[in-house]
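This report describes how the parts of one protein chain are arranged. Please examine the sequence and the structure before reading on.

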Amino acid sequence: MPRTPAPVYLDEDVSVVVAAILRARGFEAVTTRDAGQLGRSDFQQLTFGAETGRVLLTHNRVDFERLHGEWLGADRSHAGIVIARRRPPGDLAARVGRLLTRLAAEDLKNQLLYV
């Protein structure tokens, strides 16, 4: 297991059930609802994740691929972005959990990954 598992921030497209499953498995997971960030733009969601050191989990491939490129081009840093295909919450949580188990928080910094 990594030294420090990355905390996760689920944008509002991702089911809150995924966060509950991750928490039950010992991972730190926060939803946009938990964080009071409902209705914010994708840029604001990524900013919140970056400022709080949380890997952002989303289904929104197009916008977050673009934002990732813009951030790196502007020499901005984020805690990582994980783009997930829509899957049942248990399946998605299992995939994200395996990723978080394999890679430490520092390994995810500024990375764009797919599950």
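Is the crossing of helix 3 and helix 4 left-handed or right-handed?

## Helix 3 and helix 4

The structure is a predicted model. In it, the crossing of helix 3 and helix 4 is right-handed. Helix 3 covers residues 42-52 and helix 4 covers residues 61-73; their axes come within 10 Å and cross at roughly 60°. This angle makes helix 3 oblique to helix 4.

Helix 3 contributes D42, F43, L46, T47 and A50 to the contact, while helix 4 contributes D63, F64, L67 and W71. Sorted by class, the contact of helix 3 with helix 4 has six nonpolar residues, one polar residue and two charged residues.

## Helix 1 and helix 5

Two packed helices are described by the angle between their axes and the distance between the axes. For helix 1 (residues 16-24) and helix 5 (residues 89-102), the axes come within 9 Å and cross at roughly 50°. Helix 1 is therefore oblique to helix 5. The crossing of helix 1 and helix 5 is right-handed.

From helix 1, the residues in contact are V17, V18, I21 and L22; from helix 5, they are P89, G90, L92, A93, V96 and G97. The contact of helix 1 with helix 5 has eight nonpolar and two polar residues, and no charged residues.

## The sheet

Strands of a sheet pair through backbone hydrogen bonds, either parallel or antiparallel. Here, five strands form an open sheet in the order 2-1-3-4-5, and their pairing is parallel. Strand 2 (29-31) and strand 5 (112-114) each have a single partner strand, so one side of each is left without a neighbour in the sheet. From one strand to the next, the twist averages 25°.

Strand 1, residues 8-10, pairs with strand 2 in the parallel sense over three bridges. The bridge partner of L10 in strand 2 is T31. Helix 3 packs on the sheet, where it touches strand 1, strand 3 (55-58) and strand 4 (81-83). The direction of helix 3 makes about 160° with that of strand 1.

## Aromatic pairs

A pair of aromatic rings is described by the distance of the centres and the angle of the planes. The model has two aromatic pairs. In one of them, the ring centres of Y9 and F48 are 4.8 Å apart and the planes lie at 50°, so the pair is tilted. Because Y9 lies in strand 1 and F48 in helix 3, this pair ties together parts that are 39 residues apart in sequence.

Terms used: Residues numbered from 1 in each chain as written. Predicted model: local features only at pLDDT ≥ 70, side-chain atom pairs only at ≥ 80, totals over all residues. Heavy atoms only, no water. Axes fitted to C-alpha atoms, helices over the stretch in contact; angles between N-to-C directions. Helix = DSSP H or I, 4+ residues; strand = E, 2+ residues; numbered from the N terminus. Parallel < 35°, antiparallel > 145°, perpendicular 65-115°, else oblique. Left-handed = near helix turned anticlockwise from the far one by under 90°. Contact = heavy atoms within 4.5 Å. Nonpolar A, V, L, I, M, F, W, Y, C, P; charged D, E, K, R; others polar. Pairing = 2+ DSSP bridges. Phe/Tyr/Trp six-rings, centres within 6.5 Å; stacked < 30°, edge-to-face > 60°.
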